[in-house]
Amino acid sequence: MVPRAWSRKWYSEQIKILCESNNIEYISKTALGNTSGKENWIPVNQEEADQALHEIAQLAQKGNILLLCAEMNPNCCHRKEVAHCLENLASLPVKHLE
């Protein structure tokens, strides 16, 4: 199973184009996608997911980051679990926006 946004609006380069047009750097980490179809996070490849988490933790040490997810219901979003992993890895606070 391949992680995929529910909305075709954000497939391909659309979100990157939007961010760049607003002077925001966009970095895609598909390794942090979810294959469970639910809020529990099951990455496609755990080793690649761990590497992506470490890369994001390094970025978080330098400034604010934002994790995006296309889940319509924030209570079912696997990014909460990803954010918790980052919080533990980087020893930085996480603020959930709704």
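**Figure 1. The chain as a whole, with its three helices.** The predicted model contains three helices and zero strands. Read from the N terminus, the order of elements is α-α-α. The chain has 98 residues, and 23% of them are buried. Of the contacts between residues at least 6 apart in sequence, 49% join residues at least 24 apart.

Figure 2. Arg79 belongs to helix H3. Is Arg79 buried or exposed? Its relative accessibility is 16%, and because buried means under 20%, Arg79 counts as buried. The side chain of Arg79 forms a polar contact of 3.4 Å with the side chain of His78. Leaving aside residues up to four places away in sequence, Arg79 touches Leu32, Leu67, Leu68 and Cys69.

**Figure 3. Helix H2, residues 46-62.** Helix H2 is built from 17 residues, and the distance from its first C-alpha to its last is 25 Å, close to the 24 Å expected at 1.5 Å a residue. Its buried residues are Ala49, Ala52, Leu53, Ile56, Ala57 and Ala60. Why can these buried residues be said to line one face of H2? Seen down the axis of the helix, they fall within an arc of 145°, so they line one face. Exposed residues are found on the other side of H2, namely Glu47, Gln58, Gln61 and Lys62. Helix H3 (79-90) is included in what covers the buried residues of H2.

**Figure 4. The start of helix H2, with Asn45 and Glu47.** Here a side-chain oxygen of Asn45 reaches to within 3.0 Å of the backbone nitrogen of Glu47. Glu47 itself is one of the exposed residues of H2.

**Figure 5. Thr35 in the loop between H1 and H2.** Thr35 has a relative accessibility of 17% and counts as buried. Which backbone oxygen lies 2.7 Å from a polar atom of the side chain of Thr35? The backbone oxygen in question is that of Ile42.

**Figure 6. Asn23 and Ser91, two residues with a positive phi.** As background, most residues other than glycine have a negative phi. Asn23 is not a glycine, yet its phi is positive, at about 60°. This residue sits in the loop between helix H1 (14-21) and H2, and with a relative accessibility of 74% it counts as exposed. Ser91 is likewise not a glycine and has a positive phi of about 55°. Its place in the chain is just after H3. Ser91 is exposed, with a relative accessible area of 64%.

**Figure 7. Lys16 of helix H1 and Tyr26.** Lys16 is part of helix H1 and counts as partly exposed, at 31% relative accessibility. How many residues apart along the chain are Lys16 and Tyr26, and what distance separates their C-alpha atoms? The two are 10 residues apart along the chain, and their C-alpha atoms are separated by 5.6 Å.

**Figure 8. The second largest pocket and its lining.** Empty space left between atoms can be shown by rolling over them a probe the size of a water molecule. The second largest pocket holds about 760 Å³ of space. Its lining comprises 24 residues, and those that lie nearest its centre are Leu66, Leu67, Val94, Lys95 and His96. Which element gives the most to this lining? With six residues, H3 gives the most to the lining of the second largest pocket. Leu67, which is among the lining residues nearest the centre, is also one of the residues that Arg79 touches.

Key: Residues numbered from 1 in each chain as written. Predicted model: local features only at pLDDT ≥ 70, side-chain atom pairs only at ≥ 80, totals over all residues. Heavy atoms only, no water. Helix = DSSP H or I, 4+ residues; strand = E, 2+ residues; numbered from the N terminus. Expected span 1.5 Å × (residues − 1). Buried < 20%, exposed > 50% of the residue type's maximum accessible area, 1.4 Å probe, protein only. Arc of directions from axis to C-beta. Contact = heavy atoms within 4.5 Å. Polar contact = N/O pair within 3.5 Å; in protein donor to acceptor, adjacent residues only side chain to side chain. 1 Å grid on protein atoms, 1.4 Å probe; cavity = no way out; pocket = protein on both sides within 12 Å on 5 of 7 lines; lining within 4 Å. Points joined across faces, edges and corners; volume = space filled by probe spheres on them.
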